[in-house]
Amino acid sequence: MGAFVGMNNLKSTNKTVATSLTIGGVIIAVMMIFGILMLLAQGGVIDVPDAMFYQFLTIHGTGMIGAAALAAAGVMWYFLNQYVELSRSIFNWFLGLVIIGVILVVIGVFSFEFAGAWTFLYPLPTISASAWGTIGALLYLFGMLILGTGFLLLYMDTGRAIIKKYGSLGKGLGWDVISGKKKEEDAPPKAVVASTMVTIVNTTAILAGAAVLIMNIINVINPSFTFDPMLAKNLTYAFGHIFANAIIYMAVIVVYELLPKYTNRKWVVNRVFLIAWTMSTAFTLVIYTHHMLMDFAMPKWMLIMGQALSYANGLPVLVVTAYGALMIVHKSGIKWDMGSGLAFLSMFGWTVGVVPAIVDATIVVNHVMHNTKWVPGHFHMYMGLGAVVMLFSFMYYLAKVDSTVKESKIDRIALWCYALAMISISVQFLVSGALSTPRRWAIHYPGWMTPAVFGAIAGVFLVIATTIFIIHFVRYMKNRGKLGSDKYEQKTA
Ligand code: HEM
Ligand SMILES: [Cu+2]
């Protein structure tokens with residue numbers, strides 16, 4: 001195990017990181033409840049006014065992506081900080097700005113009824129048919145801008161630190177190893193490669209997002225200021241697609257770090273691994289164009305590119321990661337616990353969750369399936385059973401290496417409960433999609449209701465399981481550092 005940078009600060013560093021995980025985890029659990037309410041409304045079980053349904057949709061989408069990104073950034077920061085020297089005060093600024101942003105968004109949605117969805121597509125924030133007013137839109141847009149600023153600060157710091165240690169972001173991705181100038185043994189660690197990728201794509205995403213948020217804000221204040229809606233849509237989806245995708249690339253670092261420790265084996269960085277990450281970096285940046293397939297005014301070559309590369313988007317990284325995870329675990333005599341069990345489950349969820357996306361990326365299928373619930377079916381599996389599970393894996397990992405809090409039978413039951421419930425929710429969306437149920441509709445025909453009700457019931461079990469995960473983590477927060485952290489860390493191997 002490599003030496004820790006700034007070891008003496010380990011305890012307070014852990015506390016800062018754990019705060020981001022706790023806030024993220026609690027918001028995720030609360031947002032699940034809004035998901036259940038939406039399914040109950042669509043399933044005809046409860047009566048939710050249509051306007052309120054869209055407030056729920058807005059807060060659920062924004063809250064889930066924001067909270068998962070917040071917690072995932074904590075995971076990335078925790079491990080990256082072991083290889084390069086990051087600024088703790090910047091992480092605190094990041095936390096503070098995100099919290100302020102979240103508060104503004106919540107007030108905008110619930111007190112001022114902003115319901116333009118987390119995609120806030122221009123000119124919707126301004127032209128709402130009086131569903132919400134200027135204040136609601138401004139609170140939401142400013143909230144997102146402040147939240148984005150927090151993330152931008154964080155990535156400026158990770159970029160700075162990576163460049164300081166490795167020379168450039170290209171070297172952080174291991175380009176000098178790919179080109180043969182450097183030996184594979186000297187390749188940057190996986191955590192650095194992944195962090196470099198996320199730094200590049202999310203800085204781009206946030207700058208695009210900030211530009212379109214500011215233009216929206218000006219348009220809300222002064223509607224005579226207008227801009228090209230097609231440009232707005234490009235910027236919006238460049239932001240939304242990339243930012244949502246980057247969550248799993250931050251969270252997966254826990255899988256890279258945890259499995260070698262648990263199996264006492266090396267997971268080497270080779271040329272194929274580096275090429276895969278570089279490919280996914282490039283693809284992630286350009287394939288947001290798959291959101292524009294219905295926009296005939298877009299240049300055709302861009303749409304074809306978006307279509308073709310969508311197949312390949314995350315595949316390179318997924319393949320090297322899933323293969324590597326299987327190889328390192330196979331016949332290793334690994335002792336399964338919550339941390340490793342959740343890490344393994346997340347690889348399963350990520351892999352399975354990509355299949356419906358590939359199906360949907362096929363043009364013929366896309367014409368039928370797009371804008372149906374097939375799409376949330378894909379990303380609930382990929383996010384809920386992949387990215388979010390990695391966050392929980394990290395929570396149990398940190399609790400294990402930094403405290404004496406023990407895992408119990410209840411935690412293990414919660415793991416199975418979570419897996420089954422999240423699979424049910426995803427399958428429910430996919431079945432709805434196959435029934436041609438449109439997505440983002442507050443009201444369903446009777447023939448579309450059964451899967452929604454089924455999903456809502458599964459959602460209750462998911463909330464229970466998630467609560468058990470979070471309780472374990474909060475118990476850790478209270479008992480932190482009873483044993484010397486790094487000493488205890490060696491014992492888990
Ligand atoms: C109990 C668990 C969950 C339930 C019951 C649930 C339910 C829902 C429902 C009903 C929708 C609207 C579907 C429609 O378009 O008609 C939705 C959308 C969405 N969900 Fe979830 N969800 C859950 C967990 C998650 C998780 C874990 C994430 C990501 C971390 C997530 C992210 C999203 C996003 C991004 C949308 C799209 C919002 C939009 O279309 O603007 N959800 N969810
Ligand atoms: Cu996308």
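Student: Before we start, which conventions apply here?

Tutor: Residues are numbered from 1 along each chain as its sequence is written, and chains are lettered from A and ligands numbered from 1 in the order in which they are written. This is a predicted model in which local features need pLDDT of at least 70 and side-chain atom pairs count only at pLDDT 80 or more, while totals for chains, interfaces and linings use all residues, and side-chain values use heavy atoms, with hydrogens and water left out.

Student: Which residues coordinate the iron atom of ligand 1?

Tutor: Donors are N, O and S atoms within 2.8 Å of the metal (3.2 Å for Na, K and Ca), and since water is not among the atoms, sites may look incomplete. At 2.0 Å, the NE2 atoms doing the coordinating belong to H60 and H380.

Student: Where do H60 and H380 lie, and how many residues apart in sequence are the parts they tie together?

Tutor: Helices are DSSP runs of H or I with at least four residues, strands are runs of E with at least two, and both are numbered from the N terminus. H60 lies in helix α2 (residues 50-80) and H380 in helix α15 (residues 374-402), so the parts tied together by this pair are separated in sequence by 320 residues.

Student: What is the arrangement of the six donor atoms around that iron atom?

Tutor: Four donors count as tetrahedral if all angles lie between 85 and 135 degrees; four count as square planar and six as octahedral if opposite donors are over 155 degrees apart and all others between 65 and 115; anything else is irregular. Here the six donor atoms subtend angles of 88 to 179 degrees, which makes the arrangement octahedral.

Student: Are H60 and H380 buried or exposed?

Tutor: Buried means under 20% relative accessible area, exposed over 50%, and partly exposed in between, with a 1.4 Å probe and protein chains only. By that scale, both H60 and H380 are buried.

Student: How many residues of α2 are buried?

Tutor: Helix α2 has 31 residues and reaches 44 Å from its first C-alpha to its last, close to the 45 Å expected at 1.5 Å a residue. That expected span is 1.5 Å times one less than the number of residues. The helix is mostly covered, and the buried residues, out of 31, number 27.

Student: How do the rings of Y78 and F394 pair?

Tutor: Rings of Phe, Tyr and Trp (its six-membered ring) pair if their centres lie within 6.5 Å; planes under 30 degrees apart count as stacked, over 60 as edge-to-face and the rest as tilted. The structure holds 34 aromatic pairs. For Y78 and F394, the centres are 5.1 Å apart and the planes at 70 degrees, so the pair is edge-to-face.

Student: How many residues apart in sequence are the parts that Y78 and F394 tie together?

Tutor: Y78 is buried at a relative accessible area of 4%, and F394 is buried at 0%. Since Y78 lies in helix α2 and F394 in helix α15, the pair ties together parts whose separation in sequence, in residues, is 316.

Student: And how do the rings of F114 and Y140 pair?

Tutor: The ring centres of F114 and Y140 are 4.5 Å apart and the planes at 25 degrees, so the pair is stacked. It links distant parts of the chain, with F114 in the loop between α3 (88-110) and α4 (134-166) and Y140 in helix α4, 26 residues apart. F114 has a relative accessible area of 0%. Ring geometry makes the F114 and Y140 pair stacked.

Student: Which peptide bond is cis?

Tutor: Look in the loop between α3 and α4, where P123 is found. With omega near 0 degrees, the cis bond runs from Y122 to P123.

Student: Is S130 buried or exposed?

Tutor: S130 is found in the loop between α3 and α4, and its phi is near 65 degrees, a positive value in a residue other than glycine. With a relative accessible area of 70%, S130 is exposed.
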